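Q: Got a model here I'd like to go through. Can you take my questions as they come?
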Amino acid sequence: MKVILVGAGGDIGRAALSGLTGKHEIVTVGRTSGDYQVDVTDLDAVRALYAQIGRFDALVSCAGDTTFANLQDFTQDSFMKGLTHKVMGQVNLVLAGLDAIADGGSFTLTSGILDRDPILMGANAATANGALAGFVKGAALEMPRGARINVVSPGLIDVSEDKYGAWFPGHKPVATSDVARAYVKAVEGPMTGQVITVD
């Protein structure tokens, strides 16, 4: 299959890449790296990306930043920044891809653990993750031409523990290999409208 992997340069993206490499033709996309570059918050830019790449069988998105801050320090603008990147950026990849994806193709998005196991200063990420779960459940009912859509929701990945572990007190890191398997399951399996958790 021809698989577009957005956000391949991050820790989660590298895990997805490790699971899918060797079995599929992988096209990597990043903000500033990869085979192609795109700003996922710009719907027209995402449409142009698909026009460049051509027909594809699966889209895996590991993209999207959120804002970590004390709740009382958020403004509407700073809270929306996280939602614009992590939620609407990934939604844009789906909306622009509906006509470009092959029959029976799949979209796999990425959320995370914080909507089900929150941390201090994580309200923005928790909100984004919950929104993505709702989006895939609703969108699955309307996907055209047999396309599927799911979201992988990993905990703190082991390779990120040194950088972010202090933010996640008591959280058990998840193995990179388990995260990789979740993306393989989403791309190659039959499910749709599912949140695939990796705890």
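Q: How many salt bridges does a search of the whole structure find?
A: Eight. A salt bridge here is a side-chain nitrogen of Lys or Arg within 4 Å of a carboxyl oxygen of Asp or Glu.

Q: What about the ground rules?
A: This is a predicted model, where local features need pLDDT of at least 70, side-chain atom pairs count only at pLDDT 80 or more, and totals for chains, interfaces and linings use all residues. Residues are numbered from 1 along each chain as its sequence is written, and side-chain values use heavy atoms, with hydrogens and water left out.

Q: Which residue forms a salt bridge with Lys 163?
A: Asp 11, with the closest N and O atoms 3.2 Å apart. The pair links distant parts of the chain: Lys 163 is in helix α5 (residues 161-164) and Asp 11 in helix α1 (residues 11-20), 152 residues apart. Helices are DSSP runs of H or I with at least four residues, strands are E runs of at least two, and both are numbered from the N terminus.

Q: Is Asp 11 buried or exposed?
A: Buried, because its relative accessible area is 14%. The cut-offs are under 20% for buried, over 50% for exposed and partly exposed in between, with a 1.4 Å probe and protein chains only. Asp 11 also belongs to a salt-bridge network with Arg 14 and Lys 163.

Q: And Lys 23, which residue does its side chain meet?
A: Glu 188, at 3.6 Å, N to O. Lys 23 lies in the loop between α1 and β2 (25-30) and Glu 188 in helix α6 (residues 176-188), so the pair ties together parts 165 residues apart in sequence. Lys 23 counts as partly exposed at 46% relative accessibility. Glu 188 is partly exposed too, at 40%.

Q: Switching to the sheet. What's the strand order?
A: β3-β2-β1-β4-β5-β6-β7, an open sheet of seven strands with parallel pairing. The edge strands, β3 (36-37) and β7 (195-198), each pair on one side only. Pairing takes at least two DSSP bridges between two strands.

Q: How many bridges join β6 to β7?
A: Four, and the two strands run parallel. Val 151 stands opposite Val 195 in β7.

Q: Last one: where is Thr 108, and what does it touch?
A: Thr 108 is in strand β5 (residues 101-110). It is buried, with a relative accessible area of 0%. Leaving out residues up to four places away in sequence, the residues Thr 108 touches include Leu 59, Val 152 and Tyr 183. Contact means heavy atoms within 4.5 Å.
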